[in-house]
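Here are some notes to read beside the model.

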Amino acid sequence: MKKLNSILLVEDDDTVNFYNEFLLMQLEVTESIVIRENGEEALKYLESCANESAEEQFPDLIFLDINMPIMNGFEFLEAYENKPFHGQAGPLIIMLTTSLHPNDLNRANSFDSISEYVYKPLTPDKVTGILNKHFQIA
């Protein structure tokens, strides 16, 4: 099976990060998993990937939480969509959340960058479904 080069987890909960990283490694769907604990850290990471001399390449897939300190998921998306590298590297962004609030879903749908809105926790079926739908590799 073909693997993604990299997945970026943007989540402030250590337990969720541990579980998601473990699940993704068990499923053997990526070569690399990068974890950033808020939108600001994730944006800095993507900016470093955009640097021509960067050793890291853009992730193929980003799982983005909504509620985080410093810079939440929506603030990240607002900043991301205004960056010059937006669109050129084209990571798929999945909003991964526990929020059932219709306002959050409507706001997520207002961003072109969001491909899907998925409820936590990630499961093997959810990951496989995302990979089949968007990457045809699972």
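1. Helix α3 spans residues 73-80, and its buried residues are Gly73, Phe74, Phe76, Leu77 and Tyr80. Buried means under 20% relative accessible area, exposed over 50%, partly exposed in between (1.4 Å probe, protein chains only). Seen down the axis, the buried residues of α3 fall within an arc of 155°, so they line one face of the helix. The arc is taken from the directions from the helix axis to the C-beta atoms. Helices (H or I, at least four residues) and strands (E, at least two) are DSSP runs, numbered from the N terminus.

2. This is a predicted model: local features need pLDDT of at least 70, side-chain atom pairs count only at pLDDT 80 or more, and totals for chains, interfaces and linings use all residues. Residues are numbered from 1 along each chain as its sequence is written, and side-chain values use heavy atoms, with hydrogens and water left out.

3. What covers that face of α3? The cover of its buried residues includes α2 (39-50), β3 (61-64), β4 (92-97), α4 (102-109) and β5 (114-119). Asn72 caps the N-terminal end of α3, with a side-chain oxygen 2.9 Å from the backbone nitrogen of Phe74.

4. In α2, the buried residues are Gly39, Ala42, Leu43, Tyr45, Leu46 and Cys49. They cover an arc of only 160° around the axis, which puts them on the same side of α2. They pack against β1 (7-10), β2 (33-36), β3 and α3. At the start of α2, a side-chain oxygen of Asn38 comes within 2.9 Å of the backbone nitrogen of Glu40.

5. Thr97 sits in strand β4. Thr97 counts as buried, at 1% relative accessibility. A polar atom of its side chain lies 3.0 Å from the backbone nitrogen of Ser99.

6. The structure holds five salt bridges. A salt bridge is a side-chain nitrogen of Lys or Arg within 4 Å of a carboxyl oxygen of Asp or Glu. One of them joins Asp65 and Lys120, the closest N and O atoms being 3.1 Å apart. Asp65 lies in the loop between β3 and α3 and Lys120 in the loop between β5 and α5, so the pair ties together parts 55 residues apart in sequence. Salt bridges that share partners join Glu11, Asp65 and Lys120 into one network. Asp65 counts as buried at 5% relative accessibility.

7. Glu47 and Lys83 also meet in a salt bridge (2.7 Å, N to O). Glu47 is partly exposed, with a relative accessible area of 31%.

Conventions:
Contact means heavy atoms within 4.5 Å. A polar contact is a pair of N or O atoms within 3.5 Å; within protein, one must be able to donate a hydrogen and the other to accept it, and residues adjacent in sequence count only if both atoms are side-chain atoms.
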